[in-house]
Amino acid sequence: MENSAKQFNTLAQSVTANEDKKPQSVQIAGNGTEMIGNESLLNRAKRKTISRAMLLSLVDIAKEKGDLERAQSYWNTYHCCTKIIQHNNRLHANYCKTRFCTICNAIRKADKINTYYPVLKNWENPYFVTLTVKAVKAQKLKLWVHGMKKAFTKINDRCRKRHQRGAKMRLIGIRSLECNFNPQKKTYNPHYHIIVPNRETALYLIQEWRKQWNRNGQFHCTKKAQHFREVENLERDLIETIKYGTKVFTEPNPNEKKREKKDLKIYARAMDNINEAMKGKRIFDRFGFNLPPQETKEANVRTVENYKIWQFAPNATDWINTDTGECLTGYSMPIDLQYLLSECIDTELY
């Protein structure tokens, strides 16, 4: 631990020494993030640390595939929130807003929970639904993701027409598209997580989903793979629904019940395959209802002179004050996470 502290202190001094002379003024926008007593900053430092290690592998994989546009998107995420401007005890940064950024996703998730919770809490008896299809190899994943979107659109259109002709059923809900990777079978399982207002809608969705995928002698989804249950904790199920693409950490053997953190892996190539398949697809959406008018947030761009700069240097686990070498959050990566990021990023071809 003593050697680690010395190494980090040297890093902090290096950042301070190498930083160019600070300009007299900088531009900031928005309200920023509260600095005093904000426990989420520690989680943000952890996400930044994980992202940086993961994204270097993703950049290499995208370049290897010849997809320079996605490689550049990964680089944009790598540099997301690298420099933070502190003004009046609030923190301001530039965000990449990509769907595979752990920091931006956490911010986006919180915003959507705040937006949708007041609406969904008025639903009398909401249900959580999972719709899925048979797992596929990487080569078919993009086609499967496109097919799922097309299938859901057809179901929604059919129900709307039936409702216009006098049927009581209306499809209302929120949905998110997610995809898991199974390292044992080397397959991908795209699926929808959905919250609907009642049990009747949940059963109707599953019935129509199976109909849509099992026709003309083709059977692409089974009854037992579709799930529904009553929502008991709305906030928890909203968090489960409002996701963006895929998990970062995956169990090498999903069938094992007892797992330890050291058994987890980051399957970088599988993650890139999922990002590629979902490119241009809307991951989260609502259907059958409109949100109340939302307050428009102004950019509020302004120039300030009294400020501090915090920089997230390479190999760091925290933002460092470029004047003093002080750490912003005090986050220190635990040993098990160090092991995961240094030894358990798998780039094999799947």
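Student: Where is the place of C101?

Tutor: Helices (H or I, at least four residues) and strands (E, at least two) are DSSP runs, numbered from the N terminus. C101 lies in the loop between β4 and α4 (102-120). This is a predicted model: local features need pLDDT of at least 70, side-chain atom pairs count only at pLDDT 80 or more, and totals for chains, interfaces and linings use all residues. Residues are numbered from 1 along each chain as its sequence is written, and side-chain values use heavy atoms, leaving out hydrogens and water.

Student: Is C101 buried or exposed?

Tutor: Buried means under 20% relative accessible area, exposed over 50%, partly exposed in between (1.4 Å probe, protein chains only). C101 counts as buried because its relative accessibility is 2%.

Student: Which residues does C101 touch?

Tutor: Contact means heavy atoms within 4.5 Å. Not counting residues up to four places away in sequence, C101 touches T77, C80 and C96.

Student: Where does α4 bend?

Tutor: The bend at a residue is the angle between axes fitted to the seven residues ending there and the seven starting there. In α4 the bend is about 25 degrees, at N114. A proline, P118, follows within four residues.

Student: What do the buried residues of α4 pack against?

Tutor: Those residues include I103, I113 and Y116. The buried residues of α4 pack against α2 (40-64), β6 (173-182), β7 (187-196), α7 (234-241) and β12 (284-287).

Student: Why does H92 count as buried?

Tutor: H92 sits in strand β4 (residues 90-93). It counts as buried because its relative accessibility is 6%.
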